[in-house]
Amino acid sequence: MPRFRMILDTMPAYKPGKSVVSPEGRSYKLSSNESPYDPLPSVVEAIARAAAGVNRYPDPASVRLTEALAARHGVPVEHVALGGGSVAVAQQLLEAVGEPGTDVVYAWRSFEAYPTLAALSGATSIRVPLKDETHDLDAMAEAVTANTRLIFVCNPNNPTGTVNRTAELRRFLDRVPENVLVVLDEAYREYVRDADVPDGLTFYRDRPNVAVMRTFSKAYGLAGLRVGYLIGHTPVSSAVRKTLLPFAVNHLAQAAALASLEAEEELLDRVETVVKERTRVAEGLIAQGWTVPPTEANFVWLRLGERTMEFADHCALWGVAVRPFAGEGARVSIGDPEANDAFLEAAEAFRS
């Protein structure tokens, strides 16, 4: 019998969002925070052109995309590191810093992949409970010890959509030792409309222990191609590149990401539509009597406790797939107006 690492016996597998179909044949997937829109025609064309070269390995350094991202954000090229989605970048980070005897600090509940990736790296997870559905940065700072190597701050937070603002983040960063890496996970940055939620790059520029993660999966609509990146000072970005699986960012993904950057203005118009729908959905839920934390992401969060799975099963009967976290709550992505209407109908029926 082959032998495997003991951690695999206790480590839960990552659970992706599911699809459902109602008895009437309706199906709305609001479980994975995906863009509700098809890829832009210009992006599809770029993918089609690139497809002619898939008999060749992709550029392992993603030079053109790295240069484009550096120009887009006004940072040195050597500060940019890529991965197969931001979750892969997080894994690369943990492979670079994690080993037995080290700690990784993050809020809980936050991005579901953090515990799994930390466990695989050999590091110990230090989970700090949310306060008012958002990061308790004071408690997170107090959780730092001599063993702490990395802190994840998911802003906006997944799955609650809540945010930490400029002054509190600055106070927090001032308290973190310089030898502890703070990673601002900004997968939903493009959906933020609160002017007091900082762009993490403003902190990175003069803090060598701060790095920022972004993704093309959400606002850019490339979830199926897996492109994420980190911006950090050279010691950080270099470590992330060293732990990158060779050719992890494939040829089609690189072409699509480049085309998406070129079409950014058109894509961000779509984001604005999602933001307006987010407001409509949140206001509709509040009118029904739900408590909805203010969200700056492309989803809303309902704290349901022990009724979470019952709520998810109820929504499934309406053809609406939501993302339940048993015993805690449900995260519901913002879809197109038809999908959002179906969800609001399901939510109202659950309360009646």
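Predicted model: local features only at pLDDT ≥ 70, side-chain atom pairs only at ≥ 80, totals over all residues.
**Helix packing.** I looked up how helix α3 (residues 86–97) sits against helix α8 (residues 234–242), and found that they pack at an angle of about 105° with their axes 8 Å apart. Because angles of 65 to 115 degrees count as roughly perpendicular, I noted α3 as roughly perpendicular to α8. I then listed the residues that meet, which are Val-89, Gln-92, Leu-93 and Ala-96 on the α3 side and Val-236, Ala-239 and Val-240 on the α8 side. Sorted by class, this contact holds 6 nonpolar residues, 1 polar residue and no charged ones.

**Salt bridges.** I next turned to charged pairs, for which the count comes to 16 salt bridges. In one of these, Arg-149 pairs with Glu-99, and their closest N and O atoms are 2.9 Å apart. This pair links distant parts of the chain, since Arg-149 belongs to strand β5 (residues 148–154) while Glu-99 lies in the loop between α3 and β3, 50 residues apart. Arg-149 is partly exposed at a relative accessible area of 32%, and Glu-99 is partly exposed at 38%.

I also checked Glu-186, which forms a salt bridge with Arg-214 at 2.8 Å between the closest N and O atoms. Here Glu-186 is in the loop between β6 and α7, and Arg-214 is in strand β7 (residues 210–215), 28 residues apart. Both Glu-186 and Arg-214 are buried, and together with Asp-199 they are linked in a network of salt bridges.

My last entry is the salt bridge of Arg-307 with Glu-310, at 3.1 Å from N to O; Arg-307 is partly exposed, with a relative accessible area of 41%, and Glu-310 is partly exposed, with 42%.

Key
Residues numbered from 1 in each chain as written. Heavy atoms only, no water. Axes fitted to C-alpha atoms, helices over the stretch in contact; angles between N-to-C directions. Helix = DSSP H or I, 4+ residues; strand = E, 2+ residues; numbered from the N terminus. Parallel < 35°, antiparallel > 145°, perpendicular 65-115°, else oblique. Contact = heavy atoms within 4.5 Å. Nonpolar A, V, L, I, M, F, W, Y, C, P; charged D, E, K, R; others polar. Salt bridge = Lys/Arg side-chain N within 4 Å of Asp/Glu carboxyl O. Buried < 20%, exposed > 50% of the residue type's maximum accessible area, 1.4 Å probe, protein only.
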